[in-house]
Amino acid sequence: MMFLQIGQHNHHIRLAGDRKAPALVLLHSLGTSHALWQSQIEALSATHFTIAPDFRGHGLSDETQDPLSCEGLADDVEAVLAALNVTRCHVAGISLGGVIAQILAARLGEACAGLALFDTYIKAADPQMWRDRADKVRVDGLESIAAGVRKVWMTDEEAATPEGRGMARMLEICTDHAYAAACDALAGADCSATTPSLPCKTVVAYGSEDHAAPQAAAEELAGAIKGAGLVRIEGAGHLPLLTQAEPCTDIIRSIL
């Protein structure tokens, strides 16, 4: 692991693999941490230098002291890459991480060697919903919406697995302030001006049971990127990385 001071914030980054190998950046979702990628880190660090940061207020990273935006989170990831002297990488992101991955890929241009986007969208479909959620969490706490969040994250079958229980625990340790700040960031998510020009090989994947970023959102995103592939993960909810690890890892392999 690695800790890095960026501005006023201490950031945690999970590192694995040979630092001389091609780099792979893994960006997690709202309310989780780098641990969401554990299966992919184990499988892919044999051939790639995997870099999985915890966003502000998630995992072991400090809470944000400033208003949060998706662009600001992308700034943090760029600072991590600079500290590691990584100038070219593959990028994978899920949900919130998928939005950050699009921003990062646009900034990297030709230095982004490939892009895998899971259960995400090109822009927030309902910004006011995210603002309202942030307000509710600040007033009533994250526990007030936790059951509904878990239902979106996982099907009942996924929730009953050890991996599903681990994901529920990730949400429990996310703080109210961190979750609300990230909701504010998602309210402003809009990659529609830059994502259509991404030059790298891209695949968009979605869970068949995902109601947060459903098939229509995945089709819109894939349709905006020339040559992007579209993959449906059968039986999966919004966060399939642990509960459906093998197909998700294979999706990332397809862009490496």
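Visitor: What do the residue numbers and values rest on?
Guide: Residues are numbered from 1 along each chain as its sequence is written, and side-chain values use heavy atoms, with hydrogens and water left out. In this predicted model, local features need pLDDT of at least 70 and side-chain atom pairs count only at pLDDT 80 or more, while totals for chains, interfaces and linings use all residues.

Visitor: Why are H4 and H5 called oblique to each other?
Guide: Helices are DSSP runs of H or I with at least four residues, strands are runs of E with at least two, and both are numbered from the N terminus. H4 covers residues 127-140 and H5 covers residues 143-153. Their axes are 8 Å apart, at an angle of about 135°. Axes are lines fitted to C-alpha atoms, for helices over the stretch in contact, and angles run from 0 to 180 degrees between N-to-C directions. Under 35 degrees is roughly parallel, over 145 roughly antiparallel, 65 to 115 roughly perpendicular, and the rest oblique. H4 and H5 are therefore oblique.

Visitor: Which residues make H4 and H5 meet?
Guide: Contact means heavy atoms within 4.5 Å. From H4 come Arg133, Lys136, Val137 and Asp140; from H5 come Ser144, Ile145 and Val149. Three of these residues are nonpolar, one is polar and three are charged. Here Ala, Val, Leu, Ile, Met, Phe, Trp, Tyr, Cys and Pro count as nonpolar, Asp, Glu, Lys and Arg as charged, and the others, Gly among them, as polar.

Visitor: Where is Asp135, and why is Asp135 called partly exposed?
Guide: Asp135 is found in helix H4. Its relative accessible area is 44%, so Asp135 is partly exposed.

Visitor: How do you know that the buried residues of H5 share a side?
Guide: They are Ile145, Ala146, Val149 and Trp153. They cover an arc of only 125° around the axis, so they are on the same side of H5. The arc is that of the directions from the helix axis to the C-beta atoms. Their cover includes H4, helix H6 (156-159), helix H7 (162-173) and H8.

Visitor: What about the buried residues of H10?
Guide: In H10, residues 245-253, these are Ala245, Cys248, Thr249, Ile251 and Ile252. Their arc is only 155°, which puts them on the same side of H10. Among the elements they pack against are helix H1 (38-44) and strand S6 (112-118).

Visitor: What makes a set of residues a nonpolar core?
Guide: Such a core is a set of buried Ala, Val, Leu, Ile, Met, Phe, Trp, Tyr and Cys residues joined through side-chain atoms within 4.5 Å. The largest one here has 93 residues. Helix H8 (residues 176-187) gives the largest share, nine residues. Ile51, Phe118 and Tyr179 have the most contacts inside this core. Leaving aside neighbours within four places in sequence, Phe118 is in contact with residues including Trp37, Ile94 and Cys248.

Visitor: What stands out about the phi of Asp119?
Guide: Phi is positive, about 45°, although Asp119 is not a glycine. Most residues other than glycine have a negative phi. Asp119 is found in the loop between S6 and H4.

Notes
Buried < 20%, exposed > 50% of the residue type's maximum accessible area, 1.4 Å probe, protein only.
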